[in-house]
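Subject: Structure for you to look at

Hello,

Here is the structure we talked about. Please open it first and then read the notes that follow.

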Amino acid sequence: MATHSRGGFMSSSDSGIFRLASVGSYLDALSAITAEMSLKERSDLIYLDKYLHRLWGLGQNVILNWCPEPEGISLLVIPHYTVAELSRSGGGAFENGNGASSRPRASEDFFKLLLSGERLLTPRQMDNVARLLGIEKTTLPMRADLAANASHRRIVDKMVRRYGITYVPSRAVVLFDIVGFSLLAPFEQMTQLNSLSYSLNSAQSKLLDKRIGIDFARSTTGDGFYIWNRDLDLDANINLYHLMHLILADNAIARQKARHNTVPKLRACFHAGSSYEFHQSEGLSPTLSHYIVGDVTVELARMIERALPNQILVGDFAVEMPLGKEGGTARVDSVDFVMRATRSLAQLQGLELSGERIDAIKCYLTGTRLDNGEFTVRRITLDDKHGISRQVYNAKVNIYRRKAEPILLGIEDRLISSSNSLAGRSELLVRSAMA
C-alpha cells in the first residue's frame, strides 16, 4: 500500500505546478456544499485537491475510486491508457510470458460500473478492485474526516470525478449544426457562432422565467454545438427537448430580422444514449466544465450528416431514464419520449418570443394522416458512408403566438420522400395520435 505523509507533501522542494490547480475557484463553484464547513475542513479540501492534482499528473493518470480510512482516505489511480488495455479483450484472463493465464481480466463492463455514479467504495470493495487491477491503493492522511456526513462525501466525490472519467449509461443530447459553415468567410463564421450562442442563452433564460430549471452544458464541434443537461432524469431530458425548440425558434425569428449573413441556418438532431464525461486541461488543471463522448455523440454526428437544412431529426432510442424525485427508472423509447414531452407543453404557454406571447405549441414526429384524422409516425432508415444503418424520425414543432405569424420548425413529412438525402427505407408506425 502506497502511503504519503502530509509533512513531506508541502516541502519547499515541491514543484510550483501545484499553484496552478485553481483550487480556490473550484471550491467557489462548490460553495453551496462547502458553506457550512469549518476552516480546517476547507483547508483539508484544498490540500486534497492539490494531492489529487499531483496524482492526476497533467492527465497521465485517471483517479478511479476512493474510500475513507481511519485517518484519511485511500485512492485507486491508474494510467489512462491502461483502462483501454485492461478491457480490450472484454474479459477473460491475463496471460504471462509463457501464455498461461494468471488473474482475471477486468472487462469493459466492469470499468463502466466503476466509473458510473458515486466513486465511493467500501474498504472490502476497494481491496477487491485493487486486486483485480493489480494495483496498490494510495493512502492519504487527513486531519478532518471528510467522509463524516453526506455533504462531505458529495464534495470529495466531485473532486475525485474531476480527475477521472465518468460513464453515463443514458443521457439526452442535442446537436446543432450550421448549414454551409465551411463556405462562410471567417468573420461570418464568427458572427453566426455568436448568434447561435446567444440563442442558447436566450432560450435558457426563458425557461428559467417559467421556473423550468435546466443546467445545460455545451461542447463545440467547430460548426455547431453539442448541448446536454447536466441533470440526467426524465424530466431533465424533456426540458432539454423544449430548450431545443426555443433555441430553434429564437434563431428563426433572428433570421427573419437579419439583413446580412449574420444568423445561421440550422439543422438539429436529438438522441439519447451512453457517454463518457471527462474534464479537459486548461492552464495545466482540469476545467470546471466537462465534455462528453460516446455512443450518443457518434450517433448524432452520423445523423447530422444526412439531415436537411431546417430539419429536426430524433434518433431511434430505447433507454432507461431515472425518474428523479419519484425514484426508480422508466424504459422510454423515442415515440414515448416525444409524447411525454407533448404532455408537458402547457408549462411553456405564456412565454414571449420577440415580444409576442405564446398561445400554444405542438411538437410531434411526422407521418401520414389516417382516415380517422390521426397521424402515424414514419421511421426512416438511413445508410451512412460507412455502410452502417440507423433509424431516425422526422420531428416538427409549431409555435402559435397571439399577434404574430406562427413559427413552424422542421420540415414536412411530404418533403422526405422527395429528398435524395432522406429517400431511404421507411416504415409507418401505427402508434401516435399527435396532429
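Does Asn310 count as buried, partly exposed or exposed? Its relative accessibility is 40%, so Asn310 counts as partly exposed. Buried means under 20% relative accessible area, exposed means over 50%, and partly exposed is in between, with a 1.4 Å probe and protein chains only.

Two notes on how to read the values. This is a predicted model, in which local features need pLDDT of at least 70 and side-chain atom pairs count only at pLDDT 80 or more, while totals for chains, interfaces and linings use all residues. Residues are numbered from 1 along each chain as its sequence is written, and side-chain values use heavy atoms, with hydrogens and water left out.

The chain as a whole

The chain has 12 helices and 22 strands. Here helices (H or I, at least four residues) and strands (E, at least two) are DSSP runs, numbered from the N terminus. Of the 435 residues in the chain, 49% are buried. The chain exposes about 20,800 Å², and carbon and sulfur atoms supply 49% of that area; accessible areas come from the Shrake-Rupley method with a 1.4 Å probe, and for residues only the protein chains shown count as cover. Among contacts (heavy atoms within 4.5 Å) with a separation of 6 or more, 69% are between residues 24 or more positions apart.

The cores

A nonpolar core is a set of buried Ala, Val, Leu, Ile, Met, Phe, Trp, Tyr and Cys residues joined through side-chain atoms within 4.5 Å. The largest one has 57 residues, and Phe176, Tyr241, Phe270 and Phe337 have the most contacts inside it. Helix 10 (residues 234-257) gives this core its largest share, 12 residues. Another core, of 20 residues, lies apart from it and includes Ile63, Met142, Ala147 and Val160. In soluble globular proteins, nonpolar side chains tend to be buried together.

Helix 10 and helix 12

Helix 10 packs with helix 12 (residues 334-343) at an angle of about 75 degrees, and their axes are 10 Å apart. Axes are lines fitted to C-alpha atoms, for helices over the stretch in contact, and angles run from 0 to 180 degrees between N-to-C directions. The two helices are therefore roughly perpendicular; angles of 65 to 115 degrees count as such, under 35 as roughly parallel, over 145 as roughly antiparallel and the rest as oblique. On helix 10, Leu234, Asn237, Ile238, Tyr241 and His242 meet Phe337, Val338, Arg340 and Ala341 of helix 12. These residues divide into 6 nonpolar, 2 polar and 1 charged (Ala, Val, Leu, Ile, Met, Phe, Trp, Tyr, Cys and Pro count as nonpolar, Asp, Glu, Lys and Arg as charged, and the others, Gly among them, as polar).

Single residues

Asn310 lies in the loop between helix 11 (295-306) and strand 14 (312-315). Although not a glycine, Asn310 has a positive phi of about 75 degrees. Leaving aside neighbours within four places in sequence, Asn310 is in contact with Lys265, Leu266, Arg267, Gly410 and Ile411.

Arg211, in the loop between helix 9 (186-209) and strand 8 (216-220), is not a glycine but has a positive phi of about 60 degrees. Arg211 counts as exposed, because its relative accessibility is 81%.

Regards
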